[in-house]
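Please look through the structure below with its sequence at hand, and follow the explanation one chain at a time.

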Amino acid sequence: MTAHVHEGLVPTDAPLLAAEGLTVRRALDGATVLPPVDVRVGPGQVLAVTGASGAGKSTLLRALLDVLPDGLHRAAGTVRWRGAAVSPGRTARRWRRARCGWLAQDPGAALHPLWRVDRLIGEEFTGDAAARALRVEALMHRLGLPPGLASRRTGELSGGQAQRVALARALCTDPELLVLDEPTSALDRATADLVAEEVRSRRGTPGRCVVLVTHDARLAAELADRTLVLAGDAHPAARADATVRPGPRATAAVRGRMTSTPWKEPLRPIAGPASPQAGRPPRMAADPAPSPAPVLSARGLALRTPDGTPLLDAGDLDLPAGGWLAVTGRSGSGKTTLLHALAGRRPSAAGQLLLRGRPLPAGTRSRDRRTLRAVQLAGQDTAAELNPAHTVGRAVARPLKVFHGATAAAGRERVRELLDAVGLPAELAGRRPAALSGGQRRRVVLARALAAEPDVLLLDEPTAGLDPDSARLVLDLLDRLRENGPAVLTVTHDADTAARADRVLHLTGRRLVPRPHTTPDHPLDERTEHSGVRPHDG
Amino acid sequence: MTGAPPPFFPKAVRPSVSVTAALTLLVCVPLGRYAAPHPPERTVAAPWAPPGGRHPLGTDVLGRDVLSRVLAGGTQLLTVSLLAALAAVVCGAGLGLAAGWSGDRTARTVRALCDLLLAVPALVLALVLATALPGATAVVVAAVLAGAPLTARVVATQCAQLRDSGHVHAAVERGERTPAVLLHEVLPALRRLVAADAGLRLVTALQIAAALAVLGLGPQPPDPDWALMLSENLPGAALNPWALLAPAIPLAGCAWVFAAAARTAARVPGEAA
């Protein structure tokens, strides 16, 4: 047994959902992806599933619902709903349709690209059009989605908005079983609280239950009646990055290992001489003293959504060498658009970009290869960010070849180093994105951006979907790298990530407002490891 | 980690039944002539002799051994059809990628051209071409003109959607040239679509080749050819049905095997459907 259930306060009577010995294997080689797991969720209960990236959390949810992807199959175990077995196939499909609401991990990929938001949310609702419209409106309001969003399509939503639309869709029929895969990974704190409220309101309701995968310890502590920790130690490829957490005692040891192993020497350029140590001034932590010349600056940057709604008028920002700038903001405020404008992916409506004091062309097509190498973006939507046909090794090796002319052998060696640096085992190099977990994909995207050895690293939610240990590993890596390497600009909802930055800018009301991250009463900083279990009302 | 280092790049796709069968066909069909028990062009017995004795599948209209003619008769048909399908897919995918990527006037021009070509029935096109060109060339040209527009339309739509996906942006941001982006990022992501489409194009090409041969515009008697055998032996179907069935089965089987093999070869273990 590799799963441990911590019993909560709520007494368990006959469970609504029960699974015994649920095991998932890969069809290709018979490898165990999910070791046998037992799940019991009683009426009115919330079960949180946590565990390291790649431990099989999403696989467990998919196995429960019988929606495993091709190449994986349920090798053993039973799922029971109100005591009756739900056999895979037709029974499970009918059960899903009648009883379950399901929020998948990549909501952007799951939503129909051509449907409007209101149709997406209300599709499963049985009732007349007026009742449906009311229901959709109420759900959008409760999840903090502005009414103007109702007429948009998936491509016009931000990552966090798409996630909430997918959640509203799952909630629309008020399903008896709600299954959520990281419902808050793309959300800022305030918006995540709205989602948490939605889950909390189902707690204690007879005949309703929730299974929730999350990396957010606070969310799990606040909401869950029981927590299931997946260790995933039987998964050979994930062994190196899965954190075995049987209890608090072992956790410290594991953390020590994870922070100390990677990276014997700092990243060095592949072509040319080794970079001189201490070539740049040390970073200015919270020191407002004269900052070094900015690597990347933006002046008078104006951003719009694709349909022309202004997101930012005349924003300025400076990223000093070796600095770390975090940009926060509500879901849908234009953070990703800002990164895309800086990377040249979607040029800004107005404004000027400067790279080391020289004008930087707005679009990627007018940038030369040296400039392109200097600014690297690791995007948010990891499912689209990696080519489904290419192996991880190929994806990470390509920038090495293009920018540094690395030979195949040198590239392979370097890919191994980069994967190790982001906490991924070398075996993953031979896999394709479909065989990776969301957290693993995110780190592959980061490794690919690092492979270019950029001067400026633009990161869109670098720790979303990562378990706390992997997130810390990634943040430590970035902190270490920027001493001699790239300046870092992250947009993030995560307080831990924002806390690592030298400066935090808040994107709000179409302006970029500086925000000292040391302000004690700031909502970003009130986060602690656990705020305890809140008493739930009724 | 212990033992040998893990494989860095994946092993080739595991040999599957359909791919193995297709490769076997590719090797065996041209060699079939040498396995023929009798010279395929020579009369060896009475016409329409039923199966038996020295002629396991009987004899045809001129008393030639059916088995020998079936063994010898697939090479030209298969070569021409495969070439035609390949040409149609390459032209169609190329046009589609160009149209889908540019998304402006090029796209509209390509689409208009495709619609125009699609308005002409493939068989009529082939018949007209066969009057001016040698049979094999006519098949290839007709298959390209009839098939490439279909491929182009599908590929263009998908390519336009992929243009905005992160991995394509990442390639552009690496400074890859447009042809490299199209060949290394867009096309691999579309390979299953293109492979499935290639199967359809092969079936179309086989149909055109067979139709021209049946009409006498392809290989000329006494050459052994599966499609020609169909038209030659139709009158004796009641006397020796095998003279008709024996060439029809490999004709249909080849189309099926190659279409299945194209689909399988594009599949990658671990990738979602």
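In chain B, residues 24 or more positions apart account for 71% of the contacts with a separation of 6 or more, where two residues are in contact if their C-beta atoms, placed from the backbone, lie within 7 Å. This is a predicted model, in which local features need pLDDT of at least 70 and side-chain atom pairs count only at pLDDT 80 or more, while totals for chains, interfaces and linings use all residues. Residues are numbered from 1 along each chain as its sequence is written, and chains are lettered from A, with ligands numbered from 1, in the order in which they are written.

Chain B has 11 helices and zero strands; here helices (H or I, at least four residues) and strands (E, at least two) are DSSP runs, numbered from the N terminus. The C-alpha atoms of chain B fill a box of roughly 75 × 60 × 25 Å, taken along the principal axes. Of its 273 residues, 45% count as buried, a word used when 20 or more other C-beta atoms lie within 10 Å of a residue's own, with exposed meaning 12 or fewer, partly exposed what lies in between, and the C-beta atoms placed from the backbone.

For residues 78-262 of chain B, an unreviewed UniProt entry lists "domain: ABC transmembrane type-1"; such positions are given in the numbering used here, feature names are shortened, and annotations may be inferred rather than shown by experiment. Over residues 78-262 of chain B, the chain is 82% helix and 0% strand, and the end C-alpha atoms are 15 Å apart. The unreviewed entry in UniProt also lists "transmembrane region" for several stretches of chain B, including 136-156 and 198-218. Residues 136-156 of chain B are 100% helix, with end C-alpha atoms 29 Å apart, whereas residues 198-218 of chain B are 81% helix, with end C-alpha atoms 23 Å apart.

How many residues does each chain bring to the contact between them? Chain A gives 34 residues and chain B gives 25 residues. On the side of chain A that touches chain B, helix H11 (369-374), helix H12 (382-385) and helix H13 (392-404) of chain A each supply at least two residues, and the largest share, four residues, comes from H13(A).

Within chain A, strand S2 (residues 17-26) and strand S5 (residues 72-81) pair in the antiparallel sense over eight bridges, and pairing requires that DSSP finds at least two bridges between two strands. Ala18(A) has Arg80(A) in S5(A) as its bridge partner. S5(A) is also joined by two bridges to strand S6 (residues 84-85) of chain A, and these two run antiparallel. S5(A) and S6(A) form a hairpin with two residues between them, and Arg82(A) in the turn has a positive phi of about 50°.

Helix H14 (residues 408-421) of chain A has 14 residues and reaches 20 Å from its first C-alpha to its last, close to the 20 Å expected at 1.5 Å a residue, the expected span being 1.5 Å times one less than the number of residues. Its buried residues are Gly411(A), Arg414(A), Val415(A), Leu418(A), Leu419(A) and Ala421(A). They cover an arc of only 150° around the axis, which puts them on the same side of H14(A); the arc is that of the directions from the helix axis to the C-beta atoms. An α-helix has 3.6 residues a turn, so residues three or four places apart point the same way. What covers the buried residues of H14(A) includes H13, helix H15 (438-451) and helix H16 (468-481) of chain A.
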